[in-house]
Amino acid sequence: NPLTTPTISPAATICVGQSQTLTASGGTNYSWRTGASTTSISVTPTSTTTYSVTVSNANGCTAAAAALVTVSPSIATTVSPAVICMGDSAVLTATGGGTYLWNTANTNSAISVAPTSTSTYSVIVTNGICSAAATAMVTVNPNPTATAASNVTITQGQSTNLTATGGGTYSWSSGAGNSSNITVSPAVTTIYCVTVTDANGCSDSACVTVLVDEDCAKVGELYLPNAFSPNNDTENDVIKIYYGNYDCITTFKLVIYNRWGEKVFETISPIA
């Protein structure tokens, strides 16, 4: 009687965790080493394994065949999540493979993203025939809304208070201060900008212009009290002139005499 000629197909390479269907042919009865007696079996080896089957035909003749299932090591990939502020970007980096495919269609291992709302990004990493997937969430925190005082006009020599809102910390330009309220007295028209930062580290900026009116005709009158009481009670202890803008005074001289006509004080400085 002729011998049967059995075969097993296919000889395959799979990844750890995958299954492979092996099919025998060439006879009428099949006896796999796994104990199965069907034509086809599904196997999930954790390491490279040889599977054999004994095949017999109607004449009772038998023959054996074998197939090698090669198991490639699995790969692992991770992508760290990120937290950004609105308008910023984040770099997501995947590892562990030879090729990469992100859901953005990018094929680099690292991608730069700038979502306008919290978003999830995924990547499939492939090494040979094996692949793995990973996801990462990019959380987008809203920026605060910085507001500063409205533009203000002052006379040269005057001061004004500027107020900012919208955050937890404040940083004014030109070293003006780190408080939500600052007092400034610029000699010329100046723009003051404030950066407002919230608890998430997100920030916004706003600016205010302090216009300095250098028209001395608008300063007002000069006033000199005719008496003072130097008794250290913090009231009227010092005699001085009052004027809206001392820089508008080009020439100044003040002489004080006592009741007997004796000079007791003299100055050429309006703020001395």
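Is G96 buried, partly exposed or exposed? In this predicted model, G96 is partly exposed, with a relative accessible area of 40%; buried denotes under 20% relative accessible area, exposed over 50%, and partly exposed the range in between (1.4 Å probe, protein chains only). Residues are numbered from 1 along each chain as its sequence is written, and side-chain values use heavy atoms, with hydrogens and water left out. Because the model is predicted, local features need pLDDT of at least 70 and side-chain atom pairs count only at pLDDT 80 or more, whereas totals for chains, interfaces and linings use all residues.

The protein contains zero helices and 22 strands, these being DSSP runs numbered from the N terminus (helices H or I, at least four residues; strands E, at least two). The protein is more spread out than a compact globule, because its radius of gyration is 44 Å, well over the 19 Å that the globule rule gives for 272 residues. The radius of gyration is taken over C-alpha atoms, and the globule rule is 2.2 Å times the number of residues to the power 0.38. Along the principal axes, the C-alpha trace spans about 155 × 35 × 20 Å.

Of the 272 residues, 31% are buried. The protein exposes about 15900 Å², of which carbon and sulfur atoms supply 50%; accessible areas come from the Shrake-Rupley method with a 1.4 Å probe, and for residues only the protein chains shown count as cover. Among contacts (heavy atoms within 4.5 Å) between residues at least 6 apart in sequence, 44% join residues at least 24 apart.

The largest nonpolar core has 19 residues, of which V79, L92, A94, W102, V113, V123 and V138 touch the most other members. Such a core is a set of buried Ala, Val, Leu, Ile, Met, Phe, Trp, Tyr and Cys residues joined through side-chain atoms within 4.5 Å. Two or more residues of this core come from each of β8 (82-85), β9 (90-93), β10 (99-102), β11 (110-113), β12 (119-127) and β13 (130-141). With five residues, β13 gives the most. When neighbours within four places in sequence are left aside, A94 is in contact with T77, T78, V79, Y100, W102, S109, V123 and V125.

G96 itself lies in the loop between β9 and β10. Apart from residues up to four places away in sequence, G96 touches I75, A76, V125 and N127. Its C-alpha atom is separated by 49 Å from that of G177, 81 residues apart along the chain.

T4 is situated in the segment before β1 (7-9). At 8% relative accessibility, T4 counts as buried. Its contacts, with neighbours within four places in sequence left aside, are G26, G27, V55, N57, C61, T62 and A63.

Several backbone features were also identified. Most residues other than glycine have a negative phi, and most peptide bonds are trans. The peptide bond from S9 to P10 is cis, with omega near -10°, and P10 lies in the loop between β1 and β2 (12-15). A105, a residue other than glycine, has a positive phi near 80°; A105 is placed in the loop between β10 and β11 and counts as exposed at 59% relative accessibility. Phi of N236 is likewise positive, near 60°. N236 belongs to the loop between β20 (203-213) and β21 (254-257), and at 54% relative accessibility N236 counts as exposed.
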